[in-house]
Amino acid sequence: MKKVLVLVLLVIVGYFLTDTFNLIPFGENRIGNPQDEQTVAGYYLNNTVEKTSVANTVTAIVVNYRGFDTLGEVTVLFLATTGLGSILFRRKEDEEEIERINKPSSSLMQTGSRVLFPLIALLGIYVFIHGHLTPGGGFQGGAIIATGFLLMLISYKNFKAGHTMLNWVESLAGITFVSIGLWGLLTGGTFLENVLPAGELNNLISGGVIPIIYIAVGFKVAAELTGVLDILLNIKPKK
Amino acid sequence: MQNFEQYNSIITTGVYGSAIALILIGLYAVLIKKHLIKIVIGLSIIDAGVHLLFVAIGYIKGGTAPIFSPGNEDAVNKMVDPVPQALVLTAIVIGFAVTAVALSLVIRLYKHHNTARIDQIKSLKW
Amino acid sequence: MVISPVHYIAVPLLAAFTIPLLSKYIHKELARIVPGIVLLYSVFVSIVLMMQVSEVGVISEKIAGWSAPWGINLMFTPFSGFLASLMSVVGFLIWLYSYNFKKIEQSQSQKYHILQMMMVTGAIGIVLTGDIFNLFVFMEITAITAYSLTSFYRERDGAEAGFKYLLIGSFASVMILLAVMILYTQLGTLNMAEIAQNAHLIPTPLRATILVLFLVGFGIEAEMFPLNGWAPDAYSQSPGPIGAAFAGIVVKAGVYALIRVIFTLFDIHGAYDFLIYGGLITMIIAETAAVAQTNLKRMLAYSSIGQMGFVLIAFGIGTKTAIIGALFLMFNHAVIKSLLFMSGSYLTYNSLNKKISALAGLGKKLPIVSLLFGLGAFAIVGLPPFSGFWSKLYVLTAAADQNMLLLIMAILAVSIIEIIYYFRVVSTLYYGKQEDEEIKVQKPSINAMVSMLILGATIIVVGVYPDIITHFLNNAADMLLDKASYIQAVLTQNIN
């Protein structure tokens, strides 16, 4: 009976969604001619290079035009880690009783991940350092680094993610982000304003504060995701 | 040319269709499944569908990535809409955070009741 | 440094990122003290900005140097400013109340205080932002802190309540995201003022879709029937002060978003009727359910839902008097419900279980707390001379002006129901027979007492001199109804 009701509901939702998106043709040019600057997207495409010297428009939007969203997003991640810590809180004496859920893995896996880990970390760092030039950025790079840590966590049962280090990285990265914002507020008049010179397009050092913020975001995301993985993996009570 | 039109309509149905299908599959999992982990997976699938839809609405026929890398500087008129891409990045991260919190709640529930099946957890009305 | 609305957001974020280091390397207690200082600073910002805004009209702030609609902007209008100030004051009092809260373990209090501070910050962000997607982000900040805080206690069924809340909240965020997406495809902008200006250009079927998605999404946060399944569990399972935070802060933010969408974004007549009917059903069902509750906190939760229904009705009437009444109700609900939750959680803490019947005789053992609870109960049902009376009077006057007789009768009938169940608790407190003489009473700590006394004093002072607050409400209602000047204030930023 319940299944029938749910199926009816699914049909209704499906019909509603198809009906709605039929009115929004796929692949249609909705931003108009960017040179007209009629829409927000057109403005971004037309002015990003000139005003921020950032090649990747998406990065310019994420870090500069809508940087406030990104700050909120980083905060959401931070709060998720904090919330996880409070939900899965253990008293000090229970802390010893907990171990990682995975079984010890083969030496093939262990050697493989030891070789791969630095390369993955390097790729992640590359992705977030070049966030303003190529596809990618802080979130993507941070996620890549976190997968490297995940590989280490599941292949070595004794691998410790280093809580002190994670705490330092996530706090310092967050402080950097907000401090750059406050620096903009003090010198430029608005929060998160790009106060550094924009530099030349497609140079590594260009875009003013944008790469600095994205690198901080990269470190922060890597630390938060690793922290989340570490908390979620260490849940099995020792016998 | 007609071939192209036909091809395009297949793509349209494919992208929108798969996104909507993902939303429906996720919804089905959330509403029917009794296992908490499966419910969380269902939520993630719904999120994935919505994110796919979000990226899809920014696509412009024949457009390139909105990146002014060398050789691509003059492509302003051919670039796809960058805003949905930026927004979906935010939405994905938020989805991740919610999933993480949901999983930790599942762990708590499992420890507390020794089961992760929703029909066996009866302390609160569902 | 010039005080500006961004201080509400930037300072708490800086503090939240710094607290883990401070408490680890300098002093443990800083994790509890710093959020209090930050929230006090928010109160200070509110006072400064409220004084400014009564002179200038609207304070709008650009973020990252891009004026609207290219960038995100914060709008401190008399309306949003009033709510932001209310939230920061209630947030600070909740911090004060929970500073020494007995049941929070030392090692976990750091997380509790960070989460509580960020909950307030997220809600203030919702109220201040001028960008619809940014509003979504802040709503998620508030929601994630709310999920975590709901399941804060290990010994209770907090995880169930939290999971339920999370499930419903995820649907809300999916719907808001879909609505934002469709809106973006139609107008190519996310700025709320520009959306408001161009909303009539959207084809009708899509406009209706967007509106429905927004109403359902924000309706969940605003505890509207039938989307409020999360509320009673979340209120009753979360720590006492967090119940106050839900009533005073989180729900207010949801109602704000709902009102912003209906009044500013889509000025459709049908939506107002929707608010009246939705509010009426919510109010009647919730208040009837409240009578049947035996658990004090669940009763307070249902009463809170009912009050939010009342607020929606008042907004739905839509005249200036009604909006003043609605804002006054929101103010009263924030102050009085916080007081009820705060004093109620001491009462239940000292009873054997959370049942109302177990409160018997506590009136003598905890005289001041019981007195404050009684004060809250009298105020929320709308007895003169307390502040609750004035808000009800405003709404009833507005309804009478519009000749909505049935509505008036419904409101009065619900008030009688409210009187019944609140007086049942108060009479149990004072005249109930004690079953067990030996219960050792946990007296509230000084800071909790100060916090509750401030709230109690506010109820009485505003009740005797309602003019203190109606001046602000008047400006706020003008601002909410004057859509054109909001749009103008946002879109002419480029000039300065």
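The model is predicted: local features need pLDDT of at least 70, side-chain atom pairs count only at pLDDT 80 or more, and totals for chains, interfaces and linings use all residues. Residues are numbered from 1 along each chain as its sequence is written, while chains are lettered from A and ligands numbered from 1 in the order in which they are written.

**Chain A**

- Chain A has 9 helices and 2 strands, where helices (H or I, at least four residues) and strands (E, at least two) are DSSP runs numbered from the N terminus.
- Along the sequence, these elements follow the pattern α-α-α-α-α-β-α-α-α-α-β.
- The radius of gyration of chain A is 22 Å, whereas a compact globule of 239 residues would have one near 18 Å; the radius is taken over C-alpha atoms, and the globule rule is 2.2 Å times the number of residues to the power 0.38.
- The C-alpha trace of chain A spans about 70 × 60 × 35 Å along its principal axes.
- Of the 239 residues of chain A, 46% count as buried (20 or more other C-beta atoms within 10 Å of the residue's own, with C-beta atoms placed from the backbone; 12 or fewer is exposed, and in between is partly exposed).

**Contact between chains A and C**

- In this interface, 47 residues of chain C are in contact with 45 residues of chain A, a contact being two residues whose C-beta atoms, placed from the backbone, lie within 7 Å.
- On the chain C side, α1 (7-25), α4 (106-128), α5 (132-150), α6 (158-187) and α8 (204-221) each give two or more residues.
- The largest share of that side, 10 residues, comes from α5(C).
- By class, the chain C side has 30 nonpolar, 13 polar and 4 charged residues; Ala, Val, Leu, Ile, Met, Phe, Trp, Tyr, Cys and Pro count as nonpolar, Asp, Glu, Lys and Arg as charged, and the others, Gly among them, as polar.

**Helix α15 of chain C**

- Of the 15 residues of α15(C), 11 are buried, among them C:F373 and C:F378.
- These buried residues pack against α13, α14 (362-365), α16 (387-401), α17 (405-431) and α18 of chain C.
- Just after α15(C), C:G382 takes a positive phi of about 95°.

**Helix α19 of chain C**

- The end C-alpha atoms of α19(C) (residues 467-481) are 21 Å apart, which agrees with the 21 Å that its 15 residues should span at 1.5 Å a residue (the expected span is 1.5 Å times one less than the number of residues).
- Buried residues of α19(C) include C:I469, C:F472 and C:L480.
- The partners of the buried residues of α19(C) include α2 (30-56), α10 (240-265) and α20 (483-491) of chain C.
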